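Please look over the sequence and the three-dimensional model shown here, and then follow the paragraphs below with both in view.

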Amino acid sequence: MLRQVVTRCNRSAIQTSQRRSMGGGPYPYNLGVKKNKFIEEWNGRREITEKSFNASSKTVPWILFLCVVFPYGVYAVSRDEQKKTGGRRYQDLC
């Protein structure tokens, strides 16, 4: 009978919800933090970017420029600089 009382008490202690702190940091649970609606909207839009993205005649050239032309331009300029100065890393590029 005593064993049943102890297990019943243990069970109720396990089932109670834990009090959570804010991200495990030093701030107390009842700090009263208010959500910023602009941050929440930005987080929501960030999660559905692939659904809201439109590839139009205006965006495709920018994507090609930023993903292909600009990186190659940086590479070409740095390679040319290494070639002119005779840098030791230029030998590794050739």
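By about how many helical turns are K84 and D80 separated in helix α4? Because K84 and D80 are four residues apart in α4, about one helical turn separates them. The model is a predicted one, in which local features need pLDDT of at least 70 and side-chain atom pairs count only at pLDDT 80 or more, while totals for chains, interfaces and linings use all residues. Residues are numbered from 1 along each chain as its sequence is written, and side-chain values use heavy atoms, with hydrogens and water left out.

The side chains of K84 and D80 meet in a salt bridge, with 3.4 Å from N to O; the term stands for a side-chain nitrogen of Lys or Arg within 4 Å of a carboxyl oxygen of Asp or Glu. By this rule the count comes to one salt bridge. K84 is exposed, with a relative accessible area of 68%, whereas D80, at 35%, is partly exposed (buried means under 20%, exposed over 50%, and partly exposed in between, with a 1.4 Å probe and protein chains only).

Helix α4 covers residues 59-85 and contains F65; helices here are DSSP runs of H or I with at least four residues, numbered from the N terminus. The 27 residues of α4 should span 39 Å, and the end C-alpha atoms are 38 Å apart, which agrees; the expected span is 1.5 Å times one less than the number of residues. Just after α4, G86 takes a positive phi of about 70 degrees.

Aromatic rings come next. A search of the whole structure finds three aromatic pairs, that is, rings of Phe, Tyr and Trp (its six-membered ring) whose centres lie within 6.5 Å, with planes under 30 degrees apart counted as stacked, over 60 as edge-to-face and the rest as tilted. One of them joins F65 and F70, which are tilted at 45 degrees with centres 6.4 Å apart. The rings of Y72 and Y75 have centres 6.0 Å apart and planes at 45 degrees, so this pair is tilted. Y72 and Y75 both lie in α4, three residues apart, or about one turn of the helix. Y72 is exposed at 51% relative accessibility, while Y75 is partly exposed at 35%. W62, F65 and F70 form one aromatic cluster.

Definitions and conventions: Helices (H or I, at least four residues) and strands (E, at least two) are DSSP runs, numbered from the N terminus.
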